[in-house]
Amino acid sequence: LAALRDALAVALVLNRTLVVPQLKCFCDKVWGGHDNIFNFNCHYPGSADTGHIPGPCPLDHFISPSKLRAAGVRFVAAAELEHAPYRRAVSGRGTVDVIVTDAATAAAAAAVEGTIGTIGVPSGADEATLVRLLGAGAAGGAPLLRLSTAVPGTFGGFNSPKLGVWFNRRVVTALEPPEWCSECHPQGCKNLIPAEVIAKGRLLPVRGVHDQFCAAFQTPAPAPLVSAQ
């Protein structure tokens with residue numbers, strides 16, 4: 001989620017729509033917490049023979065897309081690029097690959113200077129640096145920028161205090177994930193889930209008969225406010 005926060009911040013400062021890549025899940029989403037998925041290899045009861053886990057899953061398995069939209073975030077799923085109106089917008093007009101590196105700004109840019117369709121950006125670049133490197137020229141005019149990676153620390157911070165405060169109050173708050181739970185009957189969670197996994201969540205009693213395991217992703221920290229580099 002910290003990587004998603006940084007990708008959303010990059011899209012915001014560049015006035016772009018974030019394309020959320022295909023996500024991967026290792027357990028089915030249990031909306032009510034009462035499905036006994038741990039007895040079925042993390043699948044919904046009755047679906048273990050499909051082998052669809054691990055596999056692709058939607059954004060709402062992690063956070064609430066509706067909360068993001070209500071916060072004013074512009075985003076689409078990667079699959080939507082295959083359909084109108086996005087397909088027409090990106091087809092035949094070129095994609096710029098943004099290579100995120102740990103090197104300094106000058107070295108990062110020089111490393112890929114002259115490579116068609118590619119530009120280097122240092123990891124931890126602030127708002128002003130991103131606008132300078134990606135907001136003009138070939139990158140600025142490209143219909144699609146493709147980040148080589150988006151990990152925590154990709155975005156170095158906002159130089160505009162007003163924009164940064166807005167982002168942290170609205171967007172980061174919308175990234176708060178709901179708790180995820182599933183029952184473990186009749187064996188009990190300690191007999192179905194490794195101890196190191198249980199340590200990352202909590203066990204709750206269910207009807208005095210068995211228990212359920214609950215966990216949540218960590219809400220990302222606010223994006224930093226920094227002076228221009």
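Two strands pair if DSSP finds at least two bridges between them. Strands here are DSSP runs of E with at least two residues, and helices are runs of H or I with at least four residues, both numbered from the N terminus. Please keep in mind that this is a predicted model, in which local features need pLDDT of at least 70 and side-chain atom pairs count only at pLDDT 80 or more, while totals for chains, interfaces and linings use all residues. Residues are numbered from 1 along each chain as its sequence is written, and side-chain values use heavy atoms, with hydrogens and water left out.

**View 1. An open sheet of three strands.** Let us begin with the sheet, whose strands follow the order β6-β5-β8 with parallel pairing. At the edges stand β6 (118–122) and β8 (144–147); each has a single partner strand, so one side of each is left without a neighbour in the sheet. From one strand to the next, the twist averages 30° (axes are lines fitted to C-alpha atoms, for helices over the stretch in contact, and angles run from 0 to 180 degrees between N-to-C directions). In general, strands of a sheet pair through backbone hydrogen bonds, either parallel or antiparallel.

**View 2. Strand β5 beside β8, with a helix across the sheet.** Four bridges connect strand β5 (residues 95–101) and β8 in the parallel sense. To find your way along this pairing, look for Val98, which stands opposite Leu147 in β8. Helix α5 (residues 127–134) lies across β5, β6 and β8, and it runs at about 170° to β6.

**View 3. The disulfide of Cys25 and Cys57.** A disulfide is a pair of cysteine sulfur atoms within 2.5 Å, and by this rule the count comes to four. One of them joins Cys25 to Cys57, with an S to S distance of 2.0 Å. The torsion about this S-S bond is about 75°, so the disulfide is right-handed. Cys25 lies in strand β2 (residues 23–25) and Cys57 in strand β3 (residues 55–57), so the pair ties together parts that are 32 residues apart in sequence. Are these two cysteines buried or exposed? Cys25 counts as buried because its relative accessibility is 7%, and Cys57 is buried with a relative accessible area of 7% (buried means under 20% relative accessible area, exposed over 50%, and partly exposed in between, using a 1.4 Å probe and protein chains only).

View 4. Cys27 is joined to Cys42 by a disulfide, S to S 1.7 Å. Both cysteines sit in the loop between β2 and β3, 15 residues apart, and both Cys27 and Cys42 are buried. Another disulfide links Cys184 to Cys189, S to S 2.1 Å. With 85° about the S-S bond, the link of Cys184 and Cys189 is right-handed, and both of these residues are buried. Counting bonded cysteines along the chain, the pattern reads 1-4, 2-3, 5-8, 6-7.

View 5. You will find Asp6 in helix α1 (residues 2–13). What makes Asp6 count as buried? Its relative accessibility is 2%, so Asp6 counts as buried. Leaving aside residues up to four places away in sequence, Asp6 touches Val151, Pro152, Gly153, Thr154 and Phe155 (contact means heavy atoms within 4.5 Å). Asp6 and Gly156 are 150 residues apart in sequence and 8.5 Å apart in space, C-alpha to C-alpha. The side chain of Asp6 also makes a polar contact with the side chain of Arg5, at 2.9 Å. A polar contact is a pair of N or O atoms within 3.5 Å; within protein, one must be able to donate a hydrogen and the other to accept it, and residues adjacent in sequence count only if both atoms are side-chain atoms.
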